[in-house]
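Please consult the sequence and the structure shown below.

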Amino acid sequence: MAERVFNLPDLGEGLEDAEIVEWKVAPGDDVELNRPLVEVNTAKALVEIPSPFAGRVTTLHGEAGGVVAVGQPLVTFEVETGAPPSAEGEAAAAAGQASPGDAARPKREAVLVGYGVGQEKTGRRRPRLRPPDRRDEGNEARATPLVRRLAREKGIDLTSLRGSGPDGRLTRDDVLKAATKTGARATAETSPEGAPHTTPGEVDAAVAPSNAAAPRRGEEERVAVRGVRRLIAQKMARSWREIPHVTTFHTVDATHVEALRRELTEESGTKVSALSVVVRALAEVCRRHPKLNASFHPDAGEIVLKGSYHVGIAADSERGLLVPVVRDVDAKGITRVARELAEVVEAARAGRATPDQLTGSTITVTNFGVFGSEAGTPIINHPEAAILGTGRIADRAVVIDGQVEVRPTLTLALSFDHRVLDGADADRAMTDLTRLLESPFRLGALPR
Amino acid sequence: MERAEDQTIVRILDPEGRVVDPEARQALDLKEEDLRSLYRFMALSRQVDLECTALQRQGELAVYPPLIGQEAAQVGSAFALGEEDFVFPSYREVGVAVVRDIDLVEYMHFHRGTRHGGIDDPVGKRFGEISVPVSSQTLHAVGWAMGAQKDGRNACAIVYFGDGATSQGDFHEACNFAGVFRTPVVFFCQNNAWAISVPLSKQTAAPIWRKAEAYGFPGVRVDGNDVLASYAVTREALDRARTERTPTLIEAVTYRMGPHSTADDRTRYQPTEEIDRWQELDPLVRFRAFLQSEGMVDPEFLDRVERDAKDLAASVRAGIAGAPPRDIREMFGWMWGDIPAHLARQRDEVAALMEAEGPEDGDA
Amino acid sequence: MPEVTMAQAINQGLRRALTDDDRVLVFGEDIGKLGGVFRITDRLQEEFGEDRVFDTPLAESAILGVSIGLAMAGWKPVPEIQFDAFSYPALDQVISHVAKYRFRSAGTVSMPIVMRLPVGGAVGAAEHHSESPEVYYAHTAGLKVVIPSTPIDAFNLLLASIRDPDPVIYLEPKARYWSKEPGELEPNGLPIGAARVLREGAHGTLVTWGGMVPRCLAAAEAAAEDGVELEVLDLRCLVPLDLDRLIASARKTGRVVVVHEAPMTAGFGGEVVARVVEDAFEYLEAPVLRVTGYDLPYPPATVEEHYLPSVDRILLAVQRTLTF
């Protein structure tokens, strides 16, 4: 003997349920195929349901006056194994299903005329999506598909351009002009002086006046906030609004950092900046202080500690602040970090950075020293947990063993998310970083 | 039933199975064996019909329109057809399908929702696809008959439809064409008194059979629960079509003992007394009484018929219950002789999706 | 707040219209004593009498044809055609006269007819009971085409349709008849021709109507799990089309996918695509795509889920626009 469950089928009008009016059988009854089991009232009709099996009734699911949902058990039977009446019933039962008919159709929700409504379900392997790289903040550049394609090919971010066409539409000329311009700029920046580092001359270059003309005296000019400017504004505001910032300062004797970068520059022929040494050292420290390399998720009530060390580099560009990313810094030598850092910064400035090069950082470094700043209080690159600001490296008077000495120093400023780290956590990490940068042995142990 | 009292109605057997028109009875070209066959077909039709209603209640068919009560009209008329004659059914003609030896499992795939139409090779089988748009098939019958006639074939078309269908323009246009072109077609209307919930009195203000007059050919009213009379008038109409190129409209007065379809709730409109009254006029009971009174059947025969009927019903159940869906990819090939590019692209899309999804219903 | 089904909402809408305006007539096949095959006209004959709510003979062309005469006699006919595919015999009257009478009378005779028609599939129905004929009507100049997807909209759009002095094809998605919504069935003044943003999103827009609305919402829900925010626009009316909302959404997101049940070729989706391309061309990040039924007759019930746009098919199209 085997147990068979007969579920309430959709009785032709796709209704959701039916009310039991009267049972025509009782537990223990032996019934033959098609013997009336029960009279039910659907929203449309009074219907007698015949038995799909020959066998003994063991359970009636529900009482007169009760409501049974379509697809729910109505009657359980005990039937002879191998008894033929409903071939499909056998198959269904064997498959652990219940009602005849189920196996032939997708699972359905009841509605009307016929079998009922199929569920809005996704398949086992539903397509996964990735948010678009652009326009995710409701940005609207106006350009024809042709111009968009051109921009994509030339690596031009349309949102950074002002359209010269009708109603401000971006034209092919706009893109081509922008491409020529950034091409020239990119060439200039590949010179050795292009990358951020520390000589006074470079600082002068970096602080050259911006090309925005001041409004006429006594007047005001309204500049529409759009494109990258708008994105920056949104991101900064969000970070400041959501993240409780704390900034801590540590001054580092950069003697050995400078020595190392000079040595590596000579050795490799690649210009290695002090910044790249700091970036590489930071990755090392993050591994030992995981909360530095993390993000806070208030909705989930979680802190996510990142197992990757992708360092974002805040870079000034014609269009505003960009944050290109050097990926997997912990797995790379300093020289390589220096090379990649220069590449991504250049690509970002030229507007030809790939989405991968502009997203995915787990912690960010901003080198305000390049603009002459001693120290600052950087705003965290939301949703990261910390940002490290590096001040200008310059010879300063420091007291060593009671003696005033001249040493190159720089001040590190770490802004951190107080929801993730406490001050003690942050300072422990910064002390660790300071010691690493000041120790010729530990610096020397970093992959070159 | 007032219509049953109507003097115009053709009837050979009364409700008790007694011969009321011995002359007509004598004129029948039916052997004893044929008479038993008529009964057998009616019994098979009823059993299959009951089985299909049950299958729908058990979730095996999407919807099913029962024919119960109309067995005599369907079997009697279909039995009169020659092999070359073409049947154009509506959607309630399982009795006709039984007589014409149509594969009933194939037919029920229509009601299971596994395929449309219901008939493979309808032209070869002389049995058109199931036609749901009411009355649309009347014109197809006229057209087929015109074509057969142009070929000089001695074949007729018979089209089945209900009382409700006589309200549609298509019916009148079909009659008019048949009258004008003198096509060999028999319009067989099963007046079962109800078009879903609308009674005949609200469907037409004049008797159906008399509408033929307006189109220039004979109309006949027959007791549709009398299988012999249904046979006789159809046979006569077919002869007239073959020999005189004259169409006929037959109104077979019968009764829909079941709901319009399994989706219907007839208790909302069909008076119980009316159903009870017609219960007394059951066509099978009537004809069995006739056969018994004539001594043509014995209990052994009746047992055998009952067994055959149950076997046929069981074979329909075995064939249709749990039958898997047809593959939609195959259906793209049913559209045209070739598959144009835009359609091939769609077929490939669905194929890719199905392959990505894996076997039917395997997901939790 | 009480929950109502769309079937109840339309029933209430008809009751309200019959109460408020004694020129309204409701008729069709089986709509009287039976209350319609979907019970949409349940008890209306009992309440308003056979003069105003009546069964007709089985003849769709006649139902629409006499509606024209009734309208000319000063009545407001609200005929029901039982099922989508049974509306075809009436196309001659609808196309040749209902849609044209005002035009042909130099604007003097309006046709305040509301043809109610259950449409669409996904209900496991028999052949001819699952079709989506909206484009035949939308393509016919002179007809307004309304298709609600929720009970409250159904109620209010029905009242707006009956108020309208011109012919309205009021399509009722069968798959939505038993869908429930909490709310009061009180007229809210909703006009014909206003689409509705059911869900806001920045990354793409799903444009849809009728029975496909819940699928698009389900797709948007799934996309959100991946961080993709889709806007879902329920057109609610195909004619007149709410160009303002359609174009605004297309400009906002730059990616548009149209979803409908009817076959693709010459489906209404093509019209939506054309409008977006005409008015939001330079805002588009990707081609405007359609996810529709295939170019087959509506297939048998057991395979309809392979035919109808599924959540997966919608997501695949979205993916294509995102990675374009």
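## Cis peptide bonds

Pro240(C) lies in the loop between β12 (237-239) and α9 (243-253) of chain C; helices here are DSSP runs of H or I with at least four residues, and strands are runs of E with at least two, numbered from the N terminus. The bond joining Val239(C) to Pro240(C) is cis, with omega about -5°. In chain A, the peptide bond from His382(A) to Pro383(A) is also cis, with omega near 5°, and Pro383(A) belongs to the loop between β16 (363-366) and β17 (386-390).

## Basis of the description

This is a predicted model, in which local features need pLDDT of at least 70 and side-chain atom pairs count only at pLDDT 80 or more, while totals for chains, interfaces and linings use all residues. Residues are numbered from 1 along each chain as its sequence is written, and chains are lettered from A and ligands numbered from 1 in the order in which they are written.

## Positive phi angles

Most residues other than glycine have a negative phi. Ala193(B), in the loop between β4 (185-191) and β5 (194-195) of chain B, has a positive phi near 80°. Ala193(B) is buried, with 21 other C-beta atoms within 10 Å; buried denotes 20 or more such atoms within 10 Å, with C-beta atoms placed from the backbone.

Ala122(C) has a positive phi near 65° and is found in the loop between β5 (114-119) and α6 (134-138) of chain C. Ala122(C) counts as buried, with 32 C-beta neighbours inside 10 Å.

## Contact between chains B and C

The contact takes 36 residues from chain B and 30 residues from chain C, residues being in contact if their C-beta atoms, placed from the backbone, lie within 7 Å. On the side of chain B that touches chain C, α16(B) gives the most, with six residues.

Note on methods. Two residues are in contact if their C-beta atoms, placed from the backbone, lie within 7 Å. A residue is buried if 20 or more other C-beta atoms lie within 10 Å of its own, exposed if 12 or fewer, and partly exposed in between; C-beta atoms are placed from the backbone.
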